[in-house]
Amino acid sequence: MSDDSTRALLQLSAAVAAGGRSRRLEAMRVAAEVTPARSVEEALLQSYLFLGFPAALTALAEWREVSRTRPAAETDPADLAIWGQRGKRVCRTVYGRAYEKLRGNVRRVHPAMDEWMVHEGYGKVLAREGLDLGTRELCIVAILAATGWEPQLHSHLRGALHAGCEPAAVDEALEAGLALAEDEEWRTGARSLWGRVRERDPVRSERRRGT
């Protein structure tokens, strides 16, 4: 199970994805009590990858109202080469043995998307300090469960396991998002998807083989 701090981030991520203003503000008030401000801000910053700038900007502005904090000085390097290097490393961690297949599949969709995924998504955003990769992946699971993107949810359910999260924590993240999903068919399907991922247990098998 997640600790109170992580649980608050899961609820907040789900609320940003699919909740109204009152739900977001309440989730922020809870997070402000139990979670470091830097961790909250990193969870909100990364939401733009999955929800877009309008959602992330709105949530960050609301967080300023609730927390009465100012953003910390930005220290992350604006360096495309560094983003590329660490993006490949983080992406490979999340996808494991499926990394090369993923890159090929995304390139076939559009080469620009492959570059953006590695540099922008994994290198610039998900490799930032302030929030560990496992917690980032759990927050992503909550967002995707709330919004109904099945292929991406599948990837990040496995990604959370690859990042070292226990199945119980992944289950909690999934349910945090599904609590705000309106489609019952989606909720049933998402739980079934997680059951298949957990049953196959590919991550633990890879670890036993040392891959």
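## Stop one: a buried serine

Select Ser-47 first: this residue is buried, at a relative accessible area of 2% (buried means under 20% relative accessible area, exposed over 50%, partly exposed in between, with a 1.4 Å probe and protein chains only). A word on what you're looking at: this is a predicted model, in which local features need pLDDT of at least 70 and side-chain atom pairs count only at pLDDT 80 or more, while totals for chains, interfaces and linings use all residues. Residues are numbered from 1 along each chain as its sequence is written, and side-chain values use heavy atoms, with hydrogens and water left out.

Ser-47 sits in the loop between helix 3 and helix 4 (helices are DSSP runs of H or I, at least four residues, and strands are runs of E, at least two, numbered from the N terminus). Now show Val-16, Gly-52, Ala-56 and Ile-143: Ser-47 touches these, leaving aside residues up to four places away in sequence (contact means heavy atoms within 4.5 Å).

## Stop two: the largest pocket

Next, select Tyr-95, Val-106, Met-113, Met-117 and Gln-152, which are the closest to the centre of the largest pocket among its 23 lining residues. A pocket here is an open set of points on a 1 Å grid over the protein atoms alone, where a 1.4 Å probe fits, with protein on both sides within 12 Å along at least five of seven lines; lining residues have an atom within 4 Å of a point. The space in this one comes to about 810 Å³, a volume being the space filled by probe spheres set on the points, which are joined across faces, edges and corners.

Colour helix 8 (111–126): its seven residues are the largest share of the lining. The lining splits into 16 nonpolar, five polar and two charged residues (Ala, Val, Leu, Ile, Met, Phe, Trp, Tyr, Cys and Pro count as nonpolar, Asp, Glu, Lys and Arg as charged, and the others, Gly among them, as polar).

## Stop three: the second largest pocket

Move on to Glu-41, Glu-42, Leu-45, Glu-74 and Arg-128, nearest the centre of a pocket lined by 25 residues. Its space is about 520 Å³. This lining has 14 nonpolar, one polar and ten charged residues.

## Last stop: the cysteines

Cys-91 is buried at 0% relative accessible area, and Cys-165 is buried at 11%.
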